[in-house]
Amino acid sequence: MSILEIFRSREKKANSAAIARERLQIIVAHERNGQHTTPDYLPAMKQDILNVVRKYVQVEQDHVSITFENQQDVSILELNVTLPDND
Amino acid sequence: MAKVIVVTSGKGGVGKTTTSAALSTGLARQGYRTVVIDFDIGLRNLDLVMGCERRVVYDFVNVINGEAALHQALIKDKHTDNLFILPASQTRDKDALTPEGVAQVLEILAQEFEYIVCDSPAGIERGALMALYHADEAIITTNPEVSSVRDSDRILGILQSRSRRAELNMEPVKEHLLLTRYNATRAERGDMLSVEDVKDILAIPLLGVIPEDPSVLKASNQGLPVILMEESVAGSAYADATQRFLGEECPMRFLEAPKKGLLQRIFGGQG
C-alpha cells in the first residue's frame with residue numbers, strides 16, 4: 001500500500017470477493033441439485049427411444065418428452081410420446 | 001484398524017501433494033505408523049516433494065502387477081521415523097490401477113500401518129476415483145478462488161456417491177476442509193474469498209487454513225515436507241491442522257492480516 005492508497009482505500013471499492021461468493025453460491029446450489037436429477041446418459045437414451053418409436057410410427061423429435069425425477073427412494077423415468085393423428 | 005485418508009481437490013495445483021507430504025509427516029511425528037501413497041500414475045511428484053526421488057526402485061503399479069513385493073516398493077522416509085512412501089509409476093498410465101489391485105495393496109498396508117494417506121491426482125477420472133474409493137476421511141484441499149471451490153464441491157458430491165462407504169451404505173466419509181494459499185490481507189480487503197465464505201459455500205468442517213507462504217516453495221525445492229520447517233507459517237499451520245485431525249483442540253492461527261508498521265504503510269509492501 002503506498003501513501004496515495006491510504007486515502008484511496010477510504011473510498012468504496014467494488015468488492016470482488018463478494019461477487020465471487022455470490023456467483024459460487026448460485027452455481028454450486030445449481031450443480032448440487034442437478035447431480036442426481038439428470039443422468040449423463042439421458043440425452044443418448046432419448047435419441048435411442050426416439051429411433052425405436054420411429055421404426056413403427058413417424059413422430060417428430062419434439063413429440064417425445066423424457067423426464068427423470070428423483071424421489072426419496074425411487075427414481076421415475078417418464079416417457080411421453082405424442083402420436084400423430086390417424087388419418 | 002488403519003484409517004485411510006484421501007487428500008483430494010478436483011482442481012490441480014492447489015496443494016494436494018504438499019498437504020499429503022505435510023500431513024503424513026505430521027502423523028508420523030506424533031508416533032503413528034503412516035504410509036503415504038502417490039495415486040498420480042504417470043505424473044508422480046510426491047517422491048520429489050518428500051525428497052526420495054532417487055530411491056525409487058519399484059512403484060505402486062509394480063506391486064499391483066505382482067512384479068515386486070510391497071516391502072520392496074515402500075521407501076522409508078529419511079526425515080521422519082514411522083513414515084513410508086509408496087511412489088506412483090512414472091511410465092504407465094492411470095488405467096494401470098485396478099480396483100482389485102488397489103484394494104489388495106491397501107488391505108496389506110492396513111495390517112501394518114495406522115494411517116494410510118492417499119495423495120489423489122487432479123481431475124475426476126480413474127486415478128482420482130481410485131484414490132478416494134477406500135477413504136474413511138477426506139481432506140478437501142481448496143484455494144480461496146472460484147474454480148477451486150467449485151471443483152471441491154464436485155469432489156464432495158463424488159465422495160458422497162461413489163466412495164466405498166457410499167456404495168456399501170456405511171457411515172459417510174468424514175470430510176475436512178483445508179484452505180490453502182490463503183492471504184488474510186487480501187481477504188480483509190475483499191479481494192479474496194474469506195475463510196468464512198469458503199466454509200459457508202462448501203458446508204463442511206474446517207480442518208485448517210494454510211497461509212500463502214514462500215516457505216512452501218523453499219521446502220519443495222529441497223525435498224523437505226514443509227511441516228518440518230517448524231518456524232515457517234505454513235509449517236506451523238500444517239502442524240496445527242495435524243493436531244486437529246487427531247482430535248485435539250487447537251485454535252486457528254494466521255487468520256488475520258499481519259499488522260503493518262507506519263513505514264510499511266507509507267512505502268508499500270506486498271499485500
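User: How many helices and strands does chain B have?
Analyst: This is a predicted model, in which local features need pLDDT of at least 70, side-chain atom pairs count only at pLDDT 80 or more, and totals for chains, interfaces and linings use all residues. Residues are numbered from 1 along each chain as its sequence is written. Elements are DSSP runs, with helices (H or I) of at least four residues and strands (E) of at least two, numbered from the N terminus. Chain B has 13 helices and 8 strands.

User: What radius of gyration does chain B have?
Analyst: The radius is taken over C-alpha atoms, and the globule rule is 2.2 Å times the number of residues to the power 0.38. With 271 residues, a compact globule would come near 18 Å, so the rule agrees with the value for chain B: 18 Å.

User: Which residues touch the most other members of the largest nonpolar core?
Analyst: A nonpolar core is a set of buried (under 20% relative accessible area, 1.4 Å probe, protein chains only) Ala, Val, Leu, Ile, Met, Phe, Trp, Tyr and Cys residues joined through side-chain atoms within 4.5 Å. The largest has 55 residues. Its top members are Phe39(B), Phe60(B), Leu86(B), Leu109(B), Ile116(B) and Leu159(B).

User: Which helix gives the largest share of this core?
Analyst: The share is 5 residues. They come from residues 146-162 of chain B, helix α7.

User: Leaving aside neighbours within four places in sequence, which residues is Leu109(B) in contact with?
Analyst: Contact means heavy atoms within 4.5 Å. Leu109(B) has these partners: Val35(B), Ile37(B), Leu70(B), Leu74(B), Leu86(B) and Ile116(B).

Notes. Chains are lettered from A and ligands numbered from 1 in the order in which they are written. Side-chain values use heavy atoms; hydrogens and water are left out. Buried means under 20% relative accessible area, exposed over 50%, partly exposed in between (1.4 Å probe, protein chains only).
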